[in-house]
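The points follow the order of helix packing first, then sheets.

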Amino acid sequence: MSQSSISYLWREPKAAEGFSTGVSLHSHTNQSKETLDFIAEMSQDFKLLQPIMRWAENRSHERTGIRPNYARSYWTPPLTPKLAFDLEQDQIQNLLQLPALVSLSDHDDIQAPLLLRNVPSARHIPISLEWTVPFGPTAFHLGVHNLPSADGVAWQERLAAFTAIPVAARNPKLLTETLAELDEIPGVLLIFNHPLWDLYRVGADRHGVSVNEFLALNGQYIHALELNGLRTWKENSEVSTLAGKWNQLVISGGDRHGIEPNANVNLTHASTFNEFVHEVRRERKSHLLFMPQYREPWKHRILQSTLDAIRDYPHFPEGSRTWDERVYHPDSNGDMRPLSTLWRDNVVPRVVTVAMRAVRLMGARPVSSGLRMAWSDTGEMRNALAELDA
């Protein structure tokens, strides 16, 4: 029988007492490649943006000879693996007064934990990634945590090969076989990340049908469904209901991309990640703790995360200090390069500078405080809390 429980630190300040460790799951580093497709999608959703987008694209082509290619371009989060690890560890140690276990899971990539294995304070970090799994008309993200060290690179390559299979050649049995093989590894933890987020915009109904079909075929190999720290109260309460339907545990996953630490963590009696996996997989226990930042209005938090991505950080390591060093775009030969190297005379165009200042203004007081009040979702939070607690 699955036993999930949920606490909220702002309601229960002593919630961590009696537990041995805090666990941070699902956060990203500058090794993650994040798509820019959303920019093109925004121009479709907001018609007023279309002429602005076309003008900006034409200006770019005139000045650089390069027309924006959103499908191939990507951005990387600002934090290096070490900075990301320290951020998550410090929150648990300082706010909860517990030792921390941190699993970083970049998109389809294990480079961050491999790099951290050479850092004494992080040498026991699990080898983890967030796997993009095409399924029917959409794709899902699965947290694959604690891969065997000796086989981590081989598994990354194998999972990437599956993701790259063309639609016409996809075989659902191959996915099930792969998940079953991962499940056979005792220390591996498989989490269905943000299962109800229609990330690929196929429509809520089609997405919901695909989620249930996926769980019908593969649910026996999934160890928990994620309540996501960057999704809404309403969506997470619906995930909780979905978990009950499929007799699944719910588990934390902050999905941090910026510099705010994960908005939820797990509390455990385990002292190692292997012991934590055993607690989830074999004992079927999971205790989530939502952190104070999750109480903030969702739209405000999304804005802040976006602003984190486009801020400059002069004290960060070289190559990750300015926003245009963290955005990659194909050059005139099709080779991927930091956007900072594509500006004429290495000078950011004035129109871009003005646009960035306007967006950053939304995060400055008093504008930020006004938006926080306007976006307050107290009613939704109250209703979702009741559903989650139930």
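1. A crossing of two helices is called left-handed if the near helix is turned anticlockwise from the far one by less than a right angle, and right-handed if clockwise. Helices (H or I, at least four residues) and strands (E, at least two) are DSSP runs, numbered from the N terminus. By that convention, H6 passes H7 in a right-handed crossing.

2. The model is predicted: local features need pLDDT of at least 70, side-chain atom pairs count only at pLDDT 80 or more, and totals for chains, interfaces and linings use all residues. Residues are numbered from 1 along each chain as its sequence is written, and side-chain values use heavy atoms, with hydrogens and water left out.

3. Axes are lines fitted to C-alpha atoms, for helices over the stretch in contact, and angles run from 0 to 180 degrees between N-to-C directions.

4. Which residues bring H6 and H7 together? Leu175, Thr176 and Leu179 of H6 meet Phe214, Leu217 and Asn218 of H7, contact meaning heavy atoms within 4.5 Å. Four of the residues in this contact are nonpolar, two are polar and none is charged (nonpolar: Ala, Val, Leu, Ile, Met, Phe, Trp, Tyr, Cys and Pro; charged: Asp, Glu, Lys and Arg; polar: the others, Gly among them).

5. An open sheet with mixed pairing is built from five strands in the order E6-E7-E8-E9-E10; strands pair if DSSP finds at least two bridges between them. Its edges are E6 (127-135) and E10 (250-253), each pairing on one side only. From one strand to the next, the twist averages 35°.

6. Within this sheet, E8 (residues 189-193) and E9 (residues 224-228) are parallel, with two bridges. Phe192 has Leu225 in E9 as its bridge partner. H7 packs on the sheet, touching E6, E7 (138-147), E8 and E9, and its direction makes about 40° with that of E7. Helix H8 (residues 233-245) lies across E9 and E10 and runs at about 170° to E9.

7. Another open sheet has four strands, ordered E3-E4-E13-E14, with antiparallel pairing. E3 (34-35) and E14 (336-338) are the edge strands. E3 and E4 (residues 74-75) are joined by two bridges, and Thr35 stands opposite Tyr74 in E4.
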